Amino acid sequence: MSPRALIAGISVNAIAGCLHFDRPTLVRRLATATLRGRAGHGLRDLAPHMVSQWFKPGQGHHIPPACLFQSLHGHAGVDGQFPFRIVTWDPPGELLPALVAALRHSEGKPFGESGTLIERVEFGEAMRLECSGAPRAVAACEIHLVTPLQVSAGSAWADASCFTLGHLVKAMVNRLNALSLYYGNGQQMDAMPFLADAAMVREVARQLDWVSPRRYSSPQDTSIAMSGVVGVLSVQGLSSLLADLLGAAAIFHLGRHTAEGCGYVLLA
């Protein structure tokens, strides 16, 4: 089965937005974690049933959330605003408007622990994301691990020195299979054809690092590490099958802490 056939069974919606702060503030690369926390507080106030149904479902049962938050900021630094995107895939399509309302409900409230307040929140038009066009092989490309990606390598996590395309491919197949099982038509992909293709791809350069940013969890009253690999993997000979699979990582992310913005991967 192709990734497009599986993704076709998942209803994906997205909206771009922008937080405007009451003062210039430090916007970190994973400010999406703070954004998600702020959205969660608003959702508990306005639509508490959606928290356990879609936002933080099945705790202890490994059910993936039906949403994620992507940073559109492009860099870390002091700024007066934070552009972002919300992507959701709950079958009824009710979560996206609820998250929009939850963030509007956050106007005038703090953003993180810095004392900065959210002055206002602006949103564009909601849209349905579709997989269109035929997949194509890529002679040479760069795989950008934009935010920390944490995937397993046997009994440990794949660090910057041992990380391979195979780790990325296997994790993406697992991610799409899980989303299809809980939110789509239940169809599943076999990882073996993808891994066989990955074995034929030639790595020409790598510039990867292991980073360990942290976020504060108010329910647990502790900081949580969102560690993972970031950087660029340059390859040659990416098949259409793999290009199709990895292209989905720009929508769904992969690995751990995807809802907070980790595992954002782009092909260039």
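Guide: What follows is a conversation about the terms used for this structure and the values behind them.

Guide: This is a predicted model, in which local features need pLDDT of at least 70 and side-chain atom pairs count only at pLDDT 80 or more, while totals for chains, interfaces and linings use all residues. Residues are numbered from 1 along each chain as its sequence is written, and side-chain values use heavy atoms, with hydrogens and water left out.

Visitor: Why is the pair of F21 and F111 called tilted?

Guide: Rings of Phe, Tyr and Trp (its six-membered ring) pair if their centres lie within 6.5 Å, and planes under 30 degrees apart count as stacked, over 60 as edge-to-face and the rest as tilted. The ring centres of F21 and F111 are 5.1 Å apart and their planes stand at 45 degrees, so the pair is tilted. The structure holds six aromatic pairs.

Visitor: What makes this pair a link between distant parts of the chain?

Guide: F21 belongs to strand 1 (residues 12-27), whereas F111 lies in the loop between helix 4 (95-104) and strand 4 (118-123), and the two are 90 residues apart. Helices (H or I, at least four residues) and strands (E, at least two) are DSSP runs, numbered from the N terminus.

Visitor: How do you know that F21 counts as buried?

Guide: Buried means under 20% relative accessible area, exposed over 50%, and partly exposed in between (1.4 Å probe, protein chains only). F21 has 5% relative accessibility and therefore counts as buried, and F111, at 7%, is buried as well.

Visitor: Which kind of aromatic pair do F82 and F111 form?

Guide: The pair of F82 and F111 is tilted, with 6.4 Å centre to centre and 45 degrees between the planes. F82 sits in strand 3 (residues 77-88), 29 residues apart from F111. Ring pairs link F21, F82, F84, F111 and F123 into a cluster.

Visitor: What makes R36 count as lying over the face of F55?

Guide: A charge sits over a ring if NZ of Lys or CZ of Arg is within 6 Å of the ring centre and within 35 degrees of the ring normal. R36 lies over the face of F55, at 4.6 Å from the ring centre.

Visitor: How do you know that strand 1 and strand 3 pair?

Guide: Two strands pair if DSSP finds at least two bridges between them. Strand 1 and strand 3 have eleven bridges, in the antiparallel sense, and V27 stands opposite G77 in strand 3. Strand 1 also pairs with strand 4 in the antiparallel sense, over five bridges, and the bridge partner of H20 in strand 4 is R120.
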